[in-house]
Amino acid sequence: MRTLTPVASYPLCPIVSFELCRQASNKLFFPCNISEKLAKASRVHKTYQLKAGFWESIKSGILNNNTTQVVEPPSALPEEEEEPLPKEFVLIEKTEPDGTVEEILFSSGGDIDVYDLQTLCDKVGWPRRPLSKLAAALKNSYMVATLHSVRKSPGSEGNDQKKLIGMARATSDHAFNATIWDVLVDPGYQGQGLGKALVEKLIRALLQRDIGNISLFADSQVVEFYQNLGFEPDPEGIKGMFWYPKY
């Protein structure tokens, strides 16, 4: 029987793998109420309260018209400072009966091999895409978050087995907005809360870079999954619009 040691605490939830950008019926989601734990990361030294609608914040950035105001909290109130999220850390550690230790590593440093990614896409049943385009998508992403399994057997120091088991990436204008794409988890590791942790940590990393408007495309079968993470479809009546070439 395995011993499971969570290094970071997350509630377990079903993981659903899917390809965000390949179906025209996808819904465009925006975060309406990101949990307080994640929202704290958006400011380390200052706390702001935005008095503007979501759509106004997208159109005007932060301060571009009179309807958007920033209110500083009273200086007498203590401000909670949250430790910045490290680029790589152990998310979960498992110990097997034979003494083998498996660590699940989260990284937001974008260290990913395109061939490993193609293998992971094959496992979840995604259609193959040209390797050159996969490489370009990774290179041009604002942030690439990964989950790796690292297995350490007793007496085999220096011969750790490392494999890619999860990924999510985000594109951004580097100022206000980001969109999350290509969230996937190895089927052998689904059902352990890893997909939830992956998206939560990616959101937190974006908030720490002061990116406040985060959207994604969700297939119908994972709408509830993202709503549980604070995303809301069509906030304030906003609709995702798609243009396709007509042949």
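Hi everyone, a definition to open with: buried means under 20% relative accessible area, exposed means over 50%, and partly exposed is in between, using a 1.4 Å probe and protein chains only. By that rule Y226 is buried, and so is F231; please keep that pair in mind.

Now the ground rules. This is a predicted model, where local features need pLDDT of at least 70 and side-chain atom pairs count only at pLDDT 80 or more, while totals for chains, interfaces and linings use all residues. Residues are numbered from 1 along each chain as its sequence is written, and side-chain values use heavy atoms, with hydrogens and water left out.

On confidence, pLDDT is the predictor's confidence in each residue, from 0 to 100. The chain averages 76, and 66% of the residues score at least 70. Over residues 5-25 the pLDDT is below 50, and beyond near neighbours in sequence that stretch has 62 contacts in the model, a contact being heavy atoms within 4.5 Å. Residues 61-79 also stay under 50, and there the model has 31 contacts beyond four places in sequence.

Next, the overall picture. The chain has six helices and eleven strands; these are DSSP runs numbered from the N terminus, H or I of at least four residues for helices and E of at least two for strands. Of its 247 residues, 43% count as buried. If we take contacts between residues at least 6 apart in sequence, 73% of them join residues at least 24 apart. The chain exposes about 13700 Å², with carbon and sulfur atoms supplying 52% of that; accessible areas come from the Shrake-Rupley method with a 1.4 Å probe, and for residues only the protein chains shown count as cover.

Let's go inside. A nonpolar core here is a set of buried Ala, Val, Leu, Ile, Met, Phe, Trp, Tyr and Cys residues joined through side-chain atoms within 4.5 Å. How many residues does the largest one have? It has 36, and L147, I180, L194, L206, Y226 and F231 have the most contacts inside it. Several elements each supply at least two residues, including β7 (143-152), β8 (161-172), β9 (177-185) and α6 (223-227). The largest share, nine residues, comes from α5, the helix spanning 194-208. There is also a second, separate core of 13 residues, with V124, W126, L134 and L164 among them.

Leaving aside neighbours within four places in sequence, L147 is in contact with residues including L91, I104, F106, L164, L194 and L198. Its C-alpha atom is 9.4 Å from that of G195, a residue 48 places away along the chain.

Now the strands, which pair if DSSP finds at least two bridges between them. β5 and β6 run antiparallel and are joined by seven bridges, with E102 of β6 as the bridge partner of K94. These two strands form a hairpin with five residues between them, and G99 in the turn has a positive phi of about 95°. β7 and β8 pair in the antiparallel sense over nine bridges, where T146 stands opposite M167 in β8. β8 and β9 are also antiparallel, joined by six bridges, and S172 has A178 in β9 as its bridge partner.

Where does H174 sit? Its place is in the loop between β8 and β9. That hairpin has four residues between the strands, and H174 takes a positive phi near 65°. Most residues other than glycine have a negative phi. H174 is exposed, with a relative accessible area of 58%. E236 also has a positive phi, near 55°; it is found in the segment after β11 (231-233) and counts as exposed at 55% relative accessibility.

Finally, back to the rings. Rings of Phe, Tyr and Trp (its six-membered ring) pair if their centres lie within 6.5 Å; planes under 30 degrees apart count as stacked, over 60 as edge-to-face, and the rest as tilted. The structure holds six aromatic pairs. F225 and Y226 form an edge-to-face pair, 5.0 Å centre to centre with 80° between the planes, and both residues are buried. For Y226 and F231, the ring centres are 5.8 Å apart and the planes stand at 90°, so this pair is edge-to-face. Ring pairs also link W181, F217, F242 and Y244 into a cluster. Thanks, everyone!
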